[in-house]
Amino acid sequence: MIGRIVEDISSGSDSDYSKFNLTGLNNEVSNYGQALDLITDNLDDDIQDELRGALDVQARLLYGLIHARWIVTARGLAKMLEKYKRVEFGRCPRVLCQSQPLLPVGLSDTPYEKSVKLYCGRCEDVYSPKSSRHGSIDGAYFGTSFPHLFFMIYPNLISPKVGPIEIPPTRLHESEVNKRNRRTREEPEITENAGEPGSTAAAALKADRYRPRIYGFQVHEIAKLQRWQEAVRDRQVGRLEALEDVS
């Protein structure tokens, strides 16, 4: 499975892109050449015994960074579209979003800084995955560009801020549905700040806000809208703090 993405981006019409797609990764991953050989199952057996432990870590990092670049290619976006239609990333917990499907997002493109979050295109908020297995995935493995680029490529999927959502249904095999439900029941949920007392205003200030970026650059119109949204949010936090002071 690890080599599948690498093989996919380096075959067919994407062969030219794959050379660019790996550019610069040698500066971010130690033992880059050997880690890439391990991913593609071309590592020399003699070296494998000596550096196996260290190379496993570097190969996982390299695979994740390649994955972040692959999902913003035409082929990668098409694959993620299938998952989005099957609601594989879950639904927004906010009631007014009416079960809007979520998309994975990284809050940083730098590894080991932030874990992966789930972005709702309707309320434009990010949420932590319920599964501990998913919550431990590095956000850099999805990157900060993916959700907004996804909706730019598929504008028909941009949900209205009010009213019911319309997602084309995708039929799943019964065994696949049962398998997914069983996996969801077995995985422990992550509870953020469990047992930690705190005010509502403090919780609101700590909430992560996704800033739409395309390859590191904020989108102008979205950035302008977010400045207004953050000003409204600051006023709401101020009112909460005033109410808590009175009580």
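Tutor: Helices here are DSSP runs of at least four residues and strands are runs of at least two, numbered from the N terminus. Keep in mind that this is a predicted model.

Student: Okay. Where is Lys 130, then?
Tutor: Lys 130 sits in the loop between β3 (126-127) and α6 (132-135).

Student: Is Lys 130 buried or exposed?
Tutor: Lys 130 counts as exposed, because its relative accessibility is 60%, and the cut-off for exposed is over 50%.

Student: What separates Lys 130 from Gly 90?
Tutor: Their C-alpha atoms are 9.3 Å apart, while along the chain the two residues are 40 residues apart.

Student: Switching to helices. At what angle do α5 and α7 cross?
Tutor: Roughly 90°. The axes of α5 (residues 74-85) and α7 (residues 146-153) come within 11 Å. So α5 is roughly perpendicular to α7.

Student: Which residues make the contact?
Tutor: From α5, Leu 77, Met 80, Leu 81 and Tyr 84. From α7, Phe 146, Phe 150, Phe 151 and Ile 153.

Student: And how many of those are nonpolar, polar or charged?
Tutor: The contact of α5 with α7 has 8 nonpolar residues, no polar ones and no charged ones.

Student: I see rings there. How many aromatic pairs are in the whole structure?
Tutor: A search finds 5. One of them is Tyr 84 with Phe 151: the ring centres are 6.3 Å apart and the planes are at 85°, so the pair is edge-to-face. This pair links distant parts of the chain, with Tyr 84 in α5 and Phe 151 in α7, 67 residues apart.

Student: Are Tyr 84 and Phe 151 buried or exposed?
Tutor: Tyr 84 is buried, at 0% relative accessibility. Phe 151 is buried too, at 10%.

Student: What about Phe 150 and Phe 151?
Tutor: They form an edge-to-face pair, 5.5 Å centre to centre with 80° between the planes. Phe 150 is buried, with a relative accessible area of 0%.

Student: Which residues form the aromatic cluster?
Tutor: Tyr 84, Phe 146, Phe 150, Phe 151 and Tyr 154 form one cluster.

Student: New topic. How many disulfides?
Tutor: The count is 0.

Key
Residues are numbered from 1 along each chain as its sequence is written. This is a predicted model: local features need pLDDT of at least 70, side-chain atom pairs count only at pLDDT 80 or more; totals for chains, interfaces and linings use all residues. Side-chain values use heavy atoms; hydrogens and water are left out. Axes are lines fitted to C-alpha atoms, for helices over the stretch in contact, and angles run from 0 to 180 degrees between N-to-C directions. Angles under 35 degrees count as roughly parallel, over 145 as roughly antiparallel, 65 to 115 as roughly perpendicular and the rest as oblique. Contact means heavy atoms within 4.5 Å. Ala, Val, Leu, Ile, Met, Phe, Trp, Tyr, Cys and Pro count as nonpolar, Asp, Glu, Lys and Arg as charged, and the others, Gly among them, as polar. A disulfide is a pair of cysteine sulfur atoms within 2.5 Å. Buried means under 20% relative accessible area, exposed over 50%, partly exposed in between (1.4 Å probe, protein chains only). Rings of Phe, Tyr and Trp (its six-membered ring) pair if their centres lie within 6.5 Å; planes under 30 degrees apart count as stacked, over 60 as edge-to-face and the rest as tilted.
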